[in-house]
Amino acid sequence: QVQLVESGGGLVQPGGSLRLSCTASGLVFSTYAMTWYRQAPGKERELVARITSTGGTTNYADSVKGRFIISRDDAKNTAYLQMNILKPEDTAVYYCNAKRILIGKTYDYWGQGTQVTVSS
């Protein structure tokens, strides 16, 4: 059974930092691309950052470029999202996603989400 468990969310003041973690089990973590998404109240879920299975390529939403860093530690089956210079508009539930495509079949898993609130 595949599980993705996010942690590290919470309440932080504007300008502060948080590091989210997503720990996976039940899959070969190193073969999956990992992506962080977020969903704010009343808005659609949006991609925040993605890292390839090799870790060689990362992509970011324009709204977080230069502030957020995605990384992975395959030895710990964990992906991270370091969030710096947080803004109120970063407030959302953050979800991690693991995805791979193998022989035309897509394997796609989601965590339960962790709340991030940026407020003074």
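**Aromatic pairs**

I searched the whole structure, a predicted model, for aromatic pairs and found two, where a pair means that ring centres of Phe, Tyr and Trp (its six-membered ring) lie within 6.5 Å, with planes under 30 degrees apart counted as stacked, over 60 as edge-to-face and the rest as tilted. Tyr32 and Tyr109 make a tilted pair, with 6.1 Å from centre to centre and 50 degrees between the planes. I then looked up where these two sit: Tyr32 is in the loop between β3 and β4, Tyr109 is in strand β10 (residues 105-110), and 77 residues separate them, so that the pair links distant parts of the chain. Strands here are DSSP runs of E of at least two residues and helices are runs of H or I of at least four, both numbered from the N terminus.

Is Tyr32 buried or exposed? Tyr32 counts as buried because its relative accessibility is 5%, whereas Tyr109 is partly exposed at 25% relative accessible area; the cut-offs are under 20% for buried, over 50% for exposed and in between for partly exposed, with a 1.4 Å probe and protein chains only.

Tyr37 and Trp110 are also a tilted aromatic pair, at 4.9 Å centre to centre and 50 degrees between the planes. Tyr37 belongs to strand β4 and Trp110 to strand β10, 73 residues apart, and this pair too links distant parts of the chain. I noted that Tyr37 is buried because its relative accessible area is 16%, while Trp110, at 37%, is partly exposed.

**How I read the model**

Residues are numbered from 1 along each chain as its sequence is written, and side-chain values use heavy atoms, with hydrogens and water left out. As this is a predicted model, local features need pLDDT of at least 70 and side-chain atom pairs count only at pLDDT 80 or more, while totals for chains, interfaces and linings use all residues.

**Disulfide**

How many disulfides does a search of the whole structure find? I found one, taking a disulfide as a pair of cysteine sulfur atoms within 2.5 Å. Cys22 is joined to Cys96, with 2.0 Å from S to S, and the link is right-handed, with 55 degrees about the S-S bond. Cys22 lies in strand β3 (residues 18-25) and Cys96 in strand β9 (residues 92-102), 74 residues apart, so the link ties together distant parts of the chain. Both cysteines, Cys22 and Cys96, are buried.

**Core**

I next looked at the largest nonpolar core, which holds 29 residues; such a core is a set of buried Ala, Val, Leu, Ile, Met, Phe, Trp, Tyr and Cys residues joined through side-chain atoms within 4.5 Å. The residues that touch the most other members are Met34, Trp36, Val48, Phe68, Leu81, Met83 and Tyr94. Two or more residues come from each of β3, β4 (33-39), β5 (46-51), β7 (68-73), β8 (78-83), β9 and β11 (114-118). For Met83 I looked up the contacts (heavy atoms within 4.5 Å) and, leaving aside neighbours within four places in sequence, the list includes Leu18, Leu20, Phe68, Tyr94 and Val116.

**Start of the chain**

Where does Val2 lie? Val2 is in the segment before β1 (3-7), and I noted that Val2 is partly exposed because its relative accessible area is 25%. Beyond its neighbours within four places in sequence, Val2 is in contact with Ser25, Gly26, Leu27 and Tyr109.

Asn77 is in the loop between β7 and β8 and is partly exposed because its relative accessibility is 26%. Ile103 is in the loop between β9 and β10 and is exposed because its relative accessible area is 84%.

**Whole protein**

I recorded eleven strands and zero helices for the protein. Buried residues are 38% of its 120 residues. The C-alpha atoms fill a box of roughly 45 × 25 × 25 Å along the principal axes. Among contacts between residues at least 6 apart in sequence, 54% join residues at least 24 apart.
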